[in-house]
Amino acid sequence: MAPNTVEKTPVTLLGLGAMGTALARAWNAAGHPLTVWNRTAARATTLAGEGTRVAGTAADAVAANTLVVTCLLDDASVGQALADVDLTGRDLVNLTTSTPAQARARARWAHERGARYLDGGIMAVPPMIGVPGAGGYILYSGSAALFERHRDTLAVPAGATYVGADAGFAALYDVALLSAMYGMFAGTAHAFALIRSEDIDPASLAPLLADWLTAMAPSVHQTAGHLRGGDYTRGVASTLAMQVAGVPTFLDTAEQQGVSPELLHPYFALMRRRLAEGNGAEGLTGVIDLLHGTKPA
Ligand code: FVH
């Protein structure tokens, strides 16, 4: 069979919000026969005009294909949409953002209904979907066999990364990555606030910020090495003692610029606590132990 005539796996997709529609367009463009359902039928109109089959009910959509993808608002909406639907023999891939506990419970729920289950966490915004090189990807966890079976189809909208058999892991990685992102957003908010009252074009700070954050990002590998090896002083160039000595500079500058230190305070408090416990030769890894509540040996 010539490569361009290889049959593409048919996909059923439940949910045509911003993300669901982007997913639908990506599978459509790649030639996967697609059946969609959305609670509000009007949202499917454009896709119907583009050749997608629109099912009248979630049950009809699920009955159409073995591979069923859900991309709904939240875990409760998945339960509501599939409440009376026969999932026997289906490969359910749930891309709805959930907590790890919700994902694990949803996996058990799907298994009890005779379905195989993969959970997903989308690390992309809709414009990144179906755009190779845009940097978006989707985390998957749950059945490894299911991931392997559908790997090529799942890689169509964005890169597919499998993170383990525990169905909750995709959600956990998702929240971990997004939490780090919010930390970055908090830091950049403080940085822009510092220059706000000066005659400084924010556009002149932006490239410096982007380059600096990019230069600092690889520090996560040292942190991982510390956590694995247990020696939090290994390879440390900027000790906790030195960094805590610099804290007044940050707080005084914020005050002088009329900027609230409320985003900095919690992190500085943890750094000071760790130093007070006698860990001045470390870098910043020990803060993780304080957050997690573990007591280092
Ligand atoms: N959009 C984004 O930037 C983020 C990127 C990262 C991943 N998220 C997650 O993706 C899920 C879907 O997000 P979305 O952007 O498509 O969300 P909406 O545009 O708000 O569409 C929500 C869809 O869910 C349907 N829905 C809501 N409640 C129910 C229900 N009880 N039963 C059935 N369907 C339901 C809704 O239907 P309708 O309002 O049109 O009738 C939409 O199809 C989400 O988990 C993000 O966290 C997106």
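**Entry 1: Ala-203**

I looked up Ala-203 and found it in helix H8; helices here are DSSP runs of H or I with at least four residues, strands are runs of E with at least two, and both are numbered from the N terminus. This is a predicted model, where local features need pLDDT of at least 70, side-chain atom pairs count only at pLDDT 80 or more, and totals for chains, interfaces and linings use all residues. Residues are numbered from 1 along each chain as its sequence is written, and side-chain values use heavy atoms, leaving out hydrogens and water.

Is Ala-203 buried or exposed? I noted that Ala-203 counts as exposed because its relative accessibility is 51% (buried is under 20% relative accessible area, exposed over 50%, partly exposed in between, with a 1.4 Å probe and protein chains only).

**Entry 2: H7 and H8**

Next I followed H8 (residues 202-216) to helix H7 (residues 169-195): their axes come within 11 Å and cross at roughly 145°. Axes are lines fitted to C-alpha atoms, for helices over the stretch in contact, and angles run from 0 to 180 degrees between N-to-C directions. The contact (heavy atoms within 4.5 Å) includes Met-184 and Phe-192 of H7, and Leu-205 and Leu-209 of H8.

**Entry 3: Gly-159**

I found Gly-159 in strand E8 (residues 159-162). With 32% relative accessibility, Gly-159 counts as partly exposed. Which residues does Gly-159 touch, not counting residues up to four places away in sequence? I listed Gly-136, Tyr-137 and Ile-138. Met-123 is 36 residues from Gly-159 along the chain, and their C-alpha atoms are separated by 9.5 Å.

**Entry 4: The cores**

I then turned to nonpolar cores, sets of buried Ala, Val, Leu, Ile, Met, Phe, Trp, Tyr and Cys residues joined through side-chain atoms within 4.5 Å. The largest has 28 residues, and Leu-13 and Ile-129 have the most contacts inside it. Among the elements that each supply at least two residues of this core are strand E1 (11-14), helix H1 (18-29) and helix H6 (144-154). Helix H1 gives the largest share, six residues.

Ile-129 touches, among others, Met-19, Leu-23 and Pro-157, not counting residues up to four places away in sequence.

**Entry 5: Domains**

Last, I checked the domain assignment, which is automatic or from a database: domain 1 is 11-172 and domain 2 is 218-292. Their C-alpha centres lie 40 Å apart.
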